[in-house]
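Me: I've got a model open and want to talk it through with you. Can we take it piece by piece?

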Amino acid sequence: RCFYGSLGACTSEVDHGQDGYDAVEWIAAQDWCTGKVGTYGPSALGNVQYQTARYQPPHLECCVPEVSSPIQRYDHYYPGGIARAEYIQTLGTLFGSEQALMSFPYDSFLWDIAENETTYPEDITVPFLLIGGWFDINIEDVWHNWNLLTASSPVADLHKIVIGPWVHGGAGPAHVGSLQQGDLEYPEAEHYNEERALDMFDYYLRDIANGYANDNPIEVFDLGTKNWWEGT
């Protein structure tokens, strides 16, 4: 809502979480749906998954947000107090938020309010598979969300995280899970994000006994050895 093909449905106080709730419940009511719904997507589409899960739609079973974080933190936009100008400008082009972000260049109680209002791990009651990339602008925030969910979510022990040799994505050939990442190639990690997402969906949405629940919760790609490391 408020973007691209949904611009005509824009309102002054849009809530993507409520829209997500309605979308999940509409899908669950269709005769082609089993009644179990999962979500998947990167960046802003990942943020909407957090916002949707916060409202706890009854038929939402699991979520796979990639390279995303819904938390509005000062350090994300002004690390060390210096503006990520190109990042903020890109957000302005995509979402029209540049002026708002540039209007508050100093850490203050307003940023504290923004962070508090967008931090809600205690409201996340379905399993999440967080997917991040070492070359992604949101990598610190993905880890931050992981720490919050595994500490405060009611289903803390069900969440998993995968960190691969991936960028954020964009108009070029490099995307989350693609072979080429800038000038480098990582065949050991190609499409691994999709494989793990499908494993999760098979387990939670299709009731396939594939052992996903017993897999280690942390999977990290070692950039030096080019091997996957698993741990708890």
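Me: Where does Ser 43 lie?
Reply: This is a predicted model, to start with. Ser 43 lies in the loop between strand E1 (37-42) and H2.

Me: What's its phi like?
Reply: Positive, about 55°, although Ser 43 is not a glycine. The residue is partly exposed, at 25% relative accessibility.

Me: And Lys 226, what's the phi there?
Reply: Lys 226 also isn't a glycine, and its phi is positive at about 60°. You'll find Lys 226 in the loop between E7 and strand E8 (227-231). With 36% relative accessibility, Lys 226 counts as partly exposed.

Me: OK, cysteines. How many disulfides does a search of the whole structure find?
Reply: The search turns up 1 disulfide. Cys 2 and Cys 10 form it, with their sulfur atoms 2.1 Å apart.

Me: Switching to the inside. Which residues touch the most other members of the largest nonpolar core?
Reply: Ala 53, Phe 128, Leu 130 and Ile 161, out of 21 residues in that core. The elements giving two or more residues to the core are helices H1 (16-28), H2 (44-54) and H7 (139-152), plus strands E2 (60-66), E4 (160-164) and E7 (218-222).

Me: Which one gives the most?
Reply: H7, with 4 residues.

Me: What does Leu 130 touch?
Reply: Leaving out residues up to four places away in sequence, Leu 130 touches Tyr 50, Pro 65, Val 142, Asn 145, Trp 146, Leu 149, Lys 160, Ile 161 and Val 162. There's also a second, separate core of 18 residues, and Val 67, Tyr 186, Leu 205 and Phe 221 are among its members.

Me: Now charges. What does the salt bridge count come to?
Reply: The count comes to 7. One of them pairs Asp 123 with Arg 54, the closest N and O atoms being 3.6 Å apart. That pair links distant parts of the chain, 69 residues apart, with Asp 123 in the loop between H6 and strand E3 (129-133) and Arg 54 in helix H2.

Me: How accessible are Asp 123 and Arg 54?
Reply: Asp 123 is partly exposed at 22%, and Arg 54 is partly exposed at 35%.

Me: Which residue does Asp 141 meet in a salt bridge?
Reply: Arg 73, at 3.2 Å from N to O. Asp 141 is in helix H7 and Arg 73 in the loop between E2 and helix H3 (74-77), and they are 68 residues apart. Asp 141 is buried at 2% relative accessible area, and Arg 73 counts as buried at 14%.

Me: And how far apart are the closest N and O atoms of Arg 196 and Glu 219?
Reply: 2.8 Å, in another salt bridge. Arg 196 is in helix H8 (residues 192-205) and Glu 219 in strand E7, 23 residues apart. Arg 196 counts as buried at 6% relative accessibility, and so does Glu 219 at 4%.

Me: Which residues are in the network with them?
Reply: Asp 199 and Asp 215: salt bridges that share partners join these two with Arg 196 and Glu 219 into one network.

Technical notes:
Residues are numbered from 1 along each chain as its sequence is written. This is a predicted model: local features need pLDDT of at least 70, side-chain atom pairs count only at pLDDT 80 or more; totals for chains, interfaces and linings use all residues. Side-chain values use heavy atoms; hydrogens and water are left out. A nonpolar core is a set of buried Ala, Val, Leu, Ile, Met, Phe, Trp, Tyr and Cys residues joined through side-chain atoms within 4.5 Å. Buried means under 20% relative accessible area, exposed over 50%, partly exposed in between (1.4 Å probe, protein chains only). Contact means heavy atoms within 4.5 Å. A salt bridge is a side-chain nitrogen of Lys or Arg within 4 Å of a carboxyl oxygen of Asp or Glu. A disulfide is a pair of cysteine sulfur atoms within 2.5 Å.
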